[in-house]
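Here are my notes on this one, as promised. Have the model open while you read, and go through the points in order.

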Amino acid sequence: VRAADKSVSPRTIANWLTGEIFSLLREHGTDIGQIKIKPEQLAELLALVSGNTINATVAKDVLVEMFETGESAPSIVQRKGLTLISDEEQLRQIVREVLAANAKAVEDFQSGKEAALRFLIGQVMRATRGKANVAVAEDLLRQALGQR
């Protein structure tokens, strides 16, 4: 498999092939010769992950659908509205709501408990149904909590 996008390393492709693809083959009792996913489609899916269009968790769900239907990753992502939310203004509002609803976690974080930040990130992810760009969400949380 050659990645059309240089942002996808051969190692990443190999890991997905030997991990996720082989797992689906075993699970469905399918032979590699019967797979509906073309090599360039796998590279296309992984390019969406490396480009922060979707995260790895969403990519695994998309891969299952690709495996079952042969549909391309961009088509599935668009049809299901799975693109990550990276818009800072949109996430900033969600961060405000999460902080307002979780005063104890805010207090814990401000008293030095780093794990409270993970909880707050989880709440942002829950509020966005897993579609928030985690790096952007964490950055906005740290800004709102006065750490940056």
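**Notes on the fold**

1. The secondary structure of the protein comes to eight helices and zero strands; helices (H or I, at least four residues) and strands (E, at least two) are DSSP runs, numbered from the N terminus. Read along the sequence, that gives the pattern α-α-α-α-α-α-α-α. Keep in mind that this is a predicted model, where local features need pLDDT of at least 70 and side-chain atom pairs count only at pLDDT 80 or more, while totals for chains, interfaces and linings use all residues. Residues are numbered from 1 along each chain as its sequence is written, and side-chain values use heavy atoms, with hydrogens and water left out.

2. Overall dimensions: along the principal axes, the C-alpha atoms fill a box of roughly 55 × 25 × 25 Å. Of the 148 residues, 39% count as buried (buried is under 20% relative accessible area, exposed over 50%, partly exposed in between, with a 1.4 Å probe and protein chains only). Taking contacts (heavy atoms within 4.5 Å) between residues at least 6 apart in sequence, 64% join residues at least 24 apart.

3. Now the inside. The largest nonpolar core has 23 residues, and Leu42, Leu45, Val62 and Leu63 are those with the most contacts inside it. By nonpolar core I mean a set of buried Ala, Val, Leu, Ile, Met, Phe, Trp, Tyr and Cys residues joined through side-chain atoms within 4.5 Å. Helices H1 (10-28), H2 (39-50), H3 (56-69) and H4 (73-80) each supply at least two residues of this core, and the largest share, six residues, comes from H3. Apart from this core lies another, of 21 residues, with Leu91, Val95, Val98 and Ile121 among them. As background, nonpolar side chains tend to be buried together in soluble globular proteins.

4. What does Leu45 touch, leaving aside its neighbours within four places in sequence? Its contacts are Trp16, Ile54, Ala59, Val62, Leu63, Met66 and Ala73.

5. H2 itself has twelve residues and reaches 17 Å from its first C-alpha to its last, close to the 16 Å expected at 1.5 Å a residue (the expected span is 1.5 Å times one less than the number of residues). Its buried residues are Gln41, Leu42, Ala43, Leu45, Leu46, Ala47 and Leu48, and they pack against H1, H3 and H4.

6. The H2/H4 pair is worth a look. Their axes come within 8 Å and cross at roughly 50°; axes here are lines fitted to C-alpha atoms, for helices over the stretch in contact, and angles run from 0 to 180 degrees between N-to-C directions. That makes H2 oblique to H4, since angles under 35 degrees count as roughly parallel, over 145 as roughly antiparallel, 65 to 115 as roughly perpendicular and the rest as oblique. Glu44, Leu45 and Leu48 in H2 meet Ala73, Pro74 and Val77 in H4. By class, this contact has five nonpolar, no polar and one charged residues (Ala, Val, Leu, Ile, Met, Phe, Trp, Tyr, Cys and Pro are nonpolar, Asp, Glu, Lys and Arg charged, and the others, Gly among them, polar).

7. Next, a backbone check. After H2 comes Asn52, with a positive phi near 60°, although Asn52 is not a glycine. Asn52 sits in the loop between H2 and H3 and is partly exposed, at 46% relative accessible area.

8. On to H7 (residues 115-127): its 13 residues should span 18 Å at 1.5 Å a residue, and the end C-alpha atoms are 19 Å apart, which agrees. Ala116, Leu117, Leu120, Ile121, Gln123, Val124 and Met125 are its buried residues, packing against H5 (88-101), H6 (103-110) and H8 (134-144). Arg126, also in H7, counts as exposed at 62% relative accessibility.

9. Last, the loop between H7 and H8. Arg129 lies there, has a positive phi of about 50° although it is not a glycine, and is exposed, at 69% relative accessible area. Gly130 is found in this loop too and is partly exposed, at 22%. Leaving aside neighbours within four places in sequence, Gly130 is in contact with Asn55, Leu84 and Met125. Gly130 and Ile85 are 45 residues apart in sequence, with 9.2 Å between their C-alpha atoms.
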